[in-house]
Amino acid sequence: MRTLAEDMVLLAFDDEGGRLPVRQSLAPAVRGALLAELLDGGALADAAGTARTAGEAPQDAVLRRVWEQVAAEPDRKWLHWVRKDCRESVREVLRGMEKAGLVEQSTDRVFGVFPLNKAALTADGLAAARGVRAAVAAAAEAAGGADAGAGGADADAGRAALLAGIAHAGGRLAAALPADRRRALKDRLAALSADAAPVSEAVQRAVQDLQGAAASA
């Protein structure tokens with residue numbers, strides 16, 4: 001089964017699967033997806049706005065690395081963990097997706113000098129990305145909004161709702177929902193993000209900080 005972080009990366013690709021956004025802007029959402037999966041699965045817990053381990057280390061290597069980081073420094077705020085090693089987390093997630101046959105990576109050079117890492121979806125990756133977009137759009141459009149999948153009756157819908165909440169906080173919903181639908185569903189999307197708190201709040205803050213730094217540069 002794919003992780004939420006892998007689905008976040010799939011959600012970020014363009015429709016043709018050949019372009020991934022600047023990884024710095026994608027990183028908070030990917031890192032947030034890792035944290036949200038650990039929190040939702042009971043491996044992490046929230047303690048008055050800080051993160052601490054609460055269960056066993058997960059088997060997935062990328063999730064386990066995040067879990068071990070939190071175990072080594074308990075009671076740090078969620079924003080700290082969203083920011084920490086976030087671009088490295090994107091690289092790790094992409095490497096895992098490459099091994100799974102969802103992504104192809106290559107290195108090019110800008111002006112023949114500066115290395116530029118590229119990632120594109122394979123045919124299997126494109127099919128998976130379409131499924132993720134459809135699931136996220138359905139979670140946003142569903143009657144009951146953030147209650148989709150409540151009580152464990154529909155784990156897939158609940159997972160899609162969690163992904164939609166983190167993606168909305170990280171500004172990564174454009175591939176799944178056009179701008180007019182995002183505007184029409186703004187209250188429901190806000191509710192999905194609220195349900196993904198405290199991670200979604202930290203992701204939103206991290207993205208705002210990146211945007212502020214870019215505007216002042």
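**View 1. The hairpin of E1 and E2.** Strands E1 and E2 form a hairpin with two residues between them, and Ala-48 in the turn has a positive phi of about 55°. Helices and strands are DSSP runs numbered from the N terminus, with helices (H or I) of at least four residues and strands (E) of at least two. This is a predicted model, in which local features need pLDDT of at least 70 and side-chain atom pairs count only at pLDDT 80 or more, while totals for chains, interfaces and linings use all residues. Residues are numbered from 1 along each chain as its sequence is written, and side-chain values use heavy atoms, with hydrogens and water left out. Four bridges pair E1 with E2 in the antiparallel sense; two strands pair if DSSP finds at least two bridges between them.

**View 2. The open sheet E1-E2-E3.** Three strands make an open sheet in the order E1-E2-E3, with antiparallel pairing. Its edge strands are E1 (44-47) and E3 (76-77), each of which pairs on one side only. Strand E2 (residues 50-53) is joined to E3 by two bridges, and these two strands run antiparallel. Ala-51 stands opposite Arg-76 in E3, and the bridge partner of Thr-50 in E3 is Lys-77. Strands of a sheet pair through backbone hydrogen bonds, either parallel or antiparallel.

**View 3. Helix H3 on the sheet.** Helix H3 (residues 61-72) lies across E1 and E2 and runs at about 105° to E2. For such values, axes are lines fitted to C-alpha atoms, for helices over the stretch in contact, and angles run from 0 to 180 degrees between N-to-C directions.

**View 4. Packing of H6 against H7.** The axes of helix H6 (residues 123-141) and H7 come within 8 Å and cross at roughly 85°. H6 and H7 are therefore roughly perpendicular to each other; angles of 65 to 115 degrees count as roughly perpendicular, under 35 as roughly parallel, over 145 as roughly antiparallel and the rest as oblique. In H6, Val-132, Ala-135, Val-136 and Ala-139 meet Ala-160, Ala-161, Leu-163 and Ala-164 of H7, where contact means heavy atoms within 4.5 Å. The residues of this contact divide into eight nonpolar, no polar and no charged. Nonpolar covers Ala, Val, Leu, Ile, Met, Phe, Trp, Tyr, Cys and Pro, charged covers Asp, Glu, Lys and Arg, and the others, Gly among them, count as polar.

**View 5. Packing of H7 against H9.** Helix H7 (residues 155-169) and helix H9 (residues 186-195) pack at an angle of about 105°, with their axes 7 Å apart. That makes H7 roughly perpendicular to H9. Ala-161, Ala-164, Gly-165, His-168 and Ala-169 of H7 make the contact with Leu-189, Ala-190, Leu-192 and Ser-193 of H9. The residues of the contact of H7 with H9 divide into six nonpolar, three polar and no charged.

**View 6. Asp-7 in helix H1.** Asp-7 lies in helix H1 (residues 4-12). With 9% relative accessibility, Asp-7 counts as buried; buried means under 20% relative accessible area, exposed over 50% and partly exposed in between (1.4 Å probe, protein chains only). Leaving aside neighbours within four places in sequence, Asp-7 is in contact with Arg-2, Val-132, Arg-159 and Leu-163.

**View 7. Asp-187 in helix H9.** Asp-187 is found in helix H9. Asp-187 is exposed, with a relative accessible area of 62%.

**View 8. The setting of the close-ups.** The protein has ten helices and five strands. Its C-alpha trace spans about 50 × 40 × 40 Å along the principal axes. Of the 217 residues, 44% count as buried. Among contacts between residues at least 6 apart in sequence, 66% join residues at least 24 apart.
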